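Subject: Structure handover: helix packing, pocket and cavity

Hello,

My notes on what was found follow below.

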Amino acid sequence: MRRSLTLLTVLAGLSAGPALATDIHGHRGARGLLPENTLPAFREAIALGVDILELDTGMTADGVVVVLHDPALSPDLARIGGTWIDAPKLIRGMTHAELHAVDVGRARPGGKIAERFPDQTPVDGTPVPTLAEVLALAAVEGPDDLRFNIETKLSPLAPGETADPDTFARAVVAVIRAAGVETRAIVQSFDWRTLAVVRHIAPEIRTSYLTAERNWLNNVQAGRPDASPWLGGLDIDDFGGSVPRAIASLHGDIWSPYFRDLTPEALKQAHDLGLEVHVWTVNDATQMKELAEMGVDGIITDYPNVAVEAVRHKN
Ligand code: MG
C-alpha cells in the first residue's frame with residue numbers, strides 16, 4: 001500500500017512536469033504590454049517576476065547612456081511638443097536634455113509598432129530613460145537577485161550613427177559599476193567588438209553574443225569568403241561554422257541566438273563548452289515550453305506575463 005502510494009506520488013509529480021530552470025527576460029521591459037524600453041515597462045516586468053530585464057542602449061551627444069532600441073528616434077514612437085517627428089533623428093546628435101523632452105510613451109496610431117503590439121497600453125508623457133535610471137528603479141522595486149541584460153546597439157556597417165565600440169562599452173561599464181550591479185549584469189551585442197572591450201576592462205561582467213542567421217539579419221555569415229564585420233575580426237568558418245565554438249574561444253559566457261536558429265545539437269555543444277544559451281524573442285506559450293524543455297537557459301520575451309505562466313522557473 002505504502003509503495004503504491006509512493007508510486008502515485010512520483011507519477012503525479014511527473015505529470016506536473018519537472019521544475020524548469022529557465023530564466024525569463026522581459027524584452028525591452030514588457031514590450032507587448034507597455035511602451036518599450038521605458039520605466040513603466042521595466043516596472044511591469046519586475047512586478048510580473050522576470051529574472052532579467054532586457055534593454056537596449058545608445059549614447060547622447062553629451063555622453064549619457066540612454067535606453068532605446070535604435071540609434072535614431074523613430075517617427076513611429078517619438079513626439080516632440082505633442083507632434084510626431086517626421087524623420088528618424090539620431091540620438092548621437094542630441095543632448096540628454098533634448099532627448100529628455102521627447103515623448104516615447106505611445107506608438108503612433110496606424111504605425112508598424114502599434115499594429116504589431118495592439119495590447120500595448122500607452123503612457124503619454126514618458127521619456128527615454130537613462131541606463132542609470134533603470135538600474136535605480138530596479139534597486140528600489142526589484143528583488144535583490146534581479147539581473148540586467150544590457151545591449152549595446154551599434155553596427156559595424158554604420159559607424160557614424162553611434163559612439164565607437166570602445167567609448168560605448170566603457171560608458172556602459174561605468175554606469176553598471178556606479179550602480180554596483182557588475183555581478184548581476186550581462187552586456188550583449190550583435191556587434192561583438194563591444195563585448196571584447198567589456199571582457200578586457202570588466203571581466204566580472206558577463207558577456208552575451210547575439211546571433212541571427214536569417215535573410216533579414218545574418219551577423220554570422222558562415223560559408224562566405226570573408227569574415228563577418230559583426231564578429232570583431234573573427235571568421236566563423238575558422239570554427240567550422242560553429243557559433244558556440246567561436247564564443248568559447250573568446251571566453252564568452254552566453255550565446256543568444258534567434259530562437260528558430262537553435263538546434264538541439266547546437267544547444268548541447270554550447271552546454272558542453274560551458275556556455276549558457278538564452279534565446280530571443282519568443283512570444284508564443286507553446287514555443288516557450290518547447291524551448292524550456294529542450295533545455296535553454298533563458299527566454300527573452302515581449303510578454304513576460306505569458307512566460308511566467310508557460311515556464312515554471314526556479315522561483
Ligand atoms: Mg535588445
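Before the helix pairs, one definition: axes are lines fitted to C-alpha atoms, for helices over the stretch in contact, and angles between N-to-C directions run from 0 to 180 degrees. Please keep in mind that this is a predicted model.

**Helix packing**

Start with H5 and H6. Helix H6 covers residues 165-179, and its axis comes within 10 Å of the axis of H5. The two cross at roughly 25°. Angles under 35 degrees count as roughly parallel, so H5 is roughly parallel to H6. The crossing of H5 past H6 is right-handed. From H5, the contact takes Leu 131, Ala 132 and Leu 135. From H6, it takes Val 172, Val 175, Ile 176 and Ala 179. By class, this contact has seven nonpolar residues, no polar and no charged.

H5 also packs against H2. Helix H2 spans residues 39-48 and helix H5 spans residues 131-141. Their axes come within 10 Å and cross at roughly 30°. That angle makes H2 roughly parallel to H5. H2 passes H5 in a right-handed crossing. On the H2 side, the contact is made by Leu 39, Phe 42, Arg 43 and Ile 46. On the H5 side, Glu 133, Val 134, Leu 137, Ala 138 and Glu 141 take part. Six of the residues in the contact of H2 with H5 are nonpolar, none are polar and three are charged.

Helix H7 runs over residues 192-201. The axes of H6 and H7 come within 9 Å and cross at roughly 50°. Angles of 65 to 115 degrees would count as roughly perpendicular and angles under 35 as roughly parallel, so H6 is oblique to H7. Here too, H6 passes H7 in a right-handed crossing. H6 brings Pro 165, Asp 166, Phe 168, Ala 169, Arg 170, Val 173 and Arg 177 to the contact. H7 brings Arg 193, Thr 194, Val 197, Val 198 and Ile 201.

**The largest pocket**

The largest pocket holds about 1,100 Å³ of space. It is lined by 48 residues, and the closest to its centre are Arg 28, Arg 31, His 69, Asp 70 and Lys 153. Which elements give two or more residues to this lining? They are strand S2 (52-59), strand S4 (72-73), helix H4 (112-116), strand S9 (147-152) and strand S10 (185-189). H4 gives the largest share of the lining, three residues. The lining of this pocket divides into 23 nonpolar, eleven polar and 14 charged residues.

**The cavity**

How many cavities of 30 Å³ or more are there? The count comes to one. About 60 Å³ of space lies in the largest cavity. Its lining is made of Gly 58, Met 59, Asp 70, Pro 71, Ile 91, Arg 92, Glu 161, Thr 162, Ala 163 and Phe 168. These lining residues split into five nonpolar, two polar and three charged.

Two residues link the sections above. Asp 70 lines the largest cavity and is among the residues closest to the centre of the largest pocket. Phe 168 also lines the largest cavity, and it belongs to the H6 side of the contact with H7.

Best wishes

Terms used: Residues numbered from 1 in each chain as written. Predicted model: local features only at pLDDT ≥ 70, side-chain atom pairs only at ≥ 80, totals over all residues. Heavy atoms only, no water. 1 Å grid on protein atoms, 1.4 Å probe; cavity = no way out; pocket = protein on both sides within 12 Å on 5 of 7 lines; lining within 4 Å. Points joined across faces, edges and corners; volume = space filled by probe spheres on them. Nonpolar A, V, L, I, M, F, W, Y, C, P; charged D, E, K, R; others polar. Helix = DSSP H or I, 4+ residues; strand = E, 2+ residues; numbered from the N terminus. Parallel < 35°, antiparallel > 145°, perpendicular 65-115°, else oblique. Left-handed = near helix turned anticlockwise from the far one by under 90°. Contact = heavy atoms within 4.5 Å.
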